[in-house]
Amino acid sequence: MLSRACFRQFSASIRRMSSTNIVETNIDSGTGFATVTLSQPPVNSLDKNLLTAITDTFKKLGDDSSVTGAILTSKFDGKVFSAGLNIVDMFQKSDDHLGEFWGTVQEWYLTIHGFPKPLVSAINGHAPAGGCAMALMSDYRVMVEGKTIGLNETLLGIVAPFFFADLMIAAVGRRHAEFALNNGYLYTSDEALKIGLVDEVVNLDQVVPTAMKILTKMTRTPQPAYQVCKNFLRKETMDTLRNDRAGDIAHFVGFVQQPNVQKAIGGYLQALKQRKK
Amino acid sequence: IQALQISENKIIKTKMLSRACFRQFSASIRRMSSTNIVETNIDSGTGFATVTLSQPPVNSLDKNLLTAITDRFKKLSDDSSVTGAILTSKFDGKVFSAGLNIVDMFQKSDDHLGEFWGMVQEWYLTIQGFPKPLVSAINGHAPTGGCAMALMSDYRVMVEGKTIGLNETLLGIVAPFFFADLMIAAVGRRHAEFALNNGYLYTSDEALKIGLVDEVVNLDQVVPTALKILTKMTKTPQPAYQVCKNFLRKETMDTLRNDRAGDIAHFVGFVQQPNVQKAIGGYLQALKQRKK
């Protein structure tokens, strides 16, 4: 009887949304906080499946009136938050494949960046490229000590899209963004804190609790004021993308299909293989 | 080579040594056909160009120097053996560049002003648009155009104990929009507004604090530090570096490109105002007094 009573109490406070196994979502009915945990092994590479699962999850959370805010974190605690956009999806693929992939990237950006409720990133591991971008789409960044974060696309021979660059500029200003983007610089946790790329750096076991504390404060701000304000401040770049998604896709496909870019990507993938040996 | 001592006892040995040394030396350092106001040395090993502004007394950016700098960077841009550059001054420990030549703006015809400003535009578009990593080794004072030129580069290493800033308003003029944009990009809108409105000249340490320069070092460390930075920057794959740099800087450069004539007309109209001419005249007079 005790265990049944405990289970009822437990299930009354934590509701698991119908998770895919690559994105786990738990909603605390008491607070209305959703914890979204990226769980695609080995490193939460943002391929079509994971991008779609994240996008669908946040659309549902956006529509769910019982949800007041969310934190975003990774299953691979102390290892990696997300390794970023899946480079394999950009190598030796057809124009159609690239176009479909990029459309998925655009939808993911517009959904996470446009999420109407407070969103805190609990960055519990490395966050290069798209992992960094995703953290920047949130409203606050708590990061574990001793890892790295940055938009390192140029190191792979590619260039971050304009809406990634805008995220970086918004966070650290134009000077740091130019240096960071041109050089594909990966900041240590402490360096990232220094320039404002992340907001707090804590021990691993404090990452999620700290994110929760911040979310508690943020969700006290009245709605819809929070949502209207957030949307107004982010609207310009998002509208630029919305107004010509096809053009942005064409630009991406044209750029990535260049022989020298394909060669650089191939070289990077080769180097990755060597490192694993 | 000049350090080789030729003594009677060792003439033969020294001659051979000096020839071998010269060959080795010339293999690694290639001097581009320099004008004497801009010296350029290219290290064939690294592909790094060192551009040294050398117009006495203070590298005032007059028509000659603006043109020489612009031509040099266009050549370096086209030279596929060049991977990056540092920009510095001959007047080590004194002045990086005193900025745009104010004499070229005082009691001149509209045509003269228009021609001068067209060169300023071309210089800005060329340096700011340089497709390879560029590090400024700011080894002396850098007011007005000197500060702007340093801001056009990708990284700023400055000597301790000097000053830098866009002090145009102290001269009674206003920095052009593309100078203001450089300042805003570096230090943000709040600092840029204070800096520009007040024509503030930051000390090296103050400049470091607000991000106007990236590092402050002893004089003998300025160029070595700049080279270290350039070494790191040139490791980033091309053309990714160039495409990224151009995309981030494009908007303001395009604004200028799209109406250069309008910008010239605006400059001429502004500078020819009697109160502006009077302020410039007063500044030149005060300079003369200081030199006495």
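At 33% relative accessibility, Arg174(A) counts as partly exposed, where buried means under 20% relative accessible area, exposed means over 50%, and partly exposed lies in between (1.4 Å probe, protein chains only). This is a predicted model, in which local features need pLDDT of at least 70 and side-chain atom pairs count only at pLDDT 80 or more, while totals for chains, interfaces and linings use all residues. Residues are numbered from 1 along each chain as its sequence is written, chains are lettered from A and ligands numbered from 1 in the order in which they are written, and side-chain values use heavy atoms, with hydrogens and water left out.

**A salt bridge between the chains**

- Arg174(A) forms a salt bridge with Asp181(B), and the closest N and O atoms of the pair are 3.1 Å apart; the term stands for a side-chain nitrogen of Lys or Arg within 4 Å of a carboxyl oxygen of Asp or Glu.
- This pair crosses between chains, running from Asp181(B) in helix H5 of chain B to Arg174(A) in helix H5 (residues 162-183) of chain A; helices (H or I, at least four residues) and strands (E, at least two) are DSSP runs, numbered from the N terminus.
- Asp181(B) is buried, with a relative accessible area of 13%, whereas Arg174(A), at 33%, is partly exposed.
- Glu178(A), Asp154(B), Lys245(B) and Arg249(B) are joined into one network by salt bridges that share partners.

**The interface as a whole**

- The contact (heavy atoms within 4.5 Å) draws 21 residues from chain B and 19 residues from chain A.
- About 1600 Å² is buried between chain B and chain A, and carbon and sulfur atoms give 59% of that area; buried area is the accessible area (1.4 Å probe) that two parts lose on being put together, summed over both.
- Three salt bridges are found across the interface of chain B and chain A, and in one between these chains the side chains of Glu178(A) and Arg249(B) meet at 2.7 Å, N to O.
- Six residue pairs, with both residues at pLDDT 80 or more, are in polar contact between chain B and chain A; a polar contact is a pair of N or O atoms within 3.5 Å, where within protein one must be able to donate a hydrogen and the other to accept it, and residues adjacent in sequence count only if both atoms are side-chain atoms.
- On the side of chain B that touches chain A, the elements giving two or more residues are strand E9 (155-159), helix H5 (177-198) and helix H8 (240-257) of chain B, with the largest share, eight residues, coming from H8(B).
- By class, that side of chain B has 13 nonpolar, two polar and six charged residues; Ala, Val, Leu, Ile, Met, Phe, Trp, Tyr, Cys and Pro count as nonpolar, Asp, Glu, Lys and Arg as charged, and the others, Gly among them, as polar.

**Strand E7 of chain B**

- Chain B has ten helices and twelve strands, and 48% of its 292 residues count as buried.
- Five of the five residues of strand E7 (residues 134-138) of chain B are buried, so this strand is largely enclosed by the rest of the structure.
- Leu134(B), Ser136(B) and Ile138(B) on one side of E7(B), and Val135(B) and Ala137(B) on the other, are all buried, so that both faces are covered.
- E7(B) pairs in the parallel sense with strand E5 (residues 84-89) of chain B over three bridges, where pairing requires that DSSP finds at least two bridges between two strands, and Leu87(B) has Ser136(B) as its bridge partner in E7(B).
- E7(B) also runs parallel to E9(B), with four bridges joining them, and the bridge partner of Val135(B) in E9(B) is Tyr155(B).

**Salt bridges within chain A**

- Over all chains the count comes to 19 salt bridges, including one in which the side chains of Lys75(A) and Glu24(A) meet at 2.9 Å, N to O.
- That pair links distant parts of the chain, 51 residues apart, with Lys75(A) in the loop between strand E5 (69-74) and strand E6 (84-85) of chain A and Glu24(A) in strand E2 (residues 23-28) of chain A.
- Glu107(A) forms a salt bridge with Lys59(A), the closest N and O atoms being 2.8 Å apart.
- Glu107(A) lies in helix H3 (residues 95-113) and Lys59(A) in helix H2 (residues 48-63) of chain A, so this pair ties together parts that are 48 residues apart in sequence.
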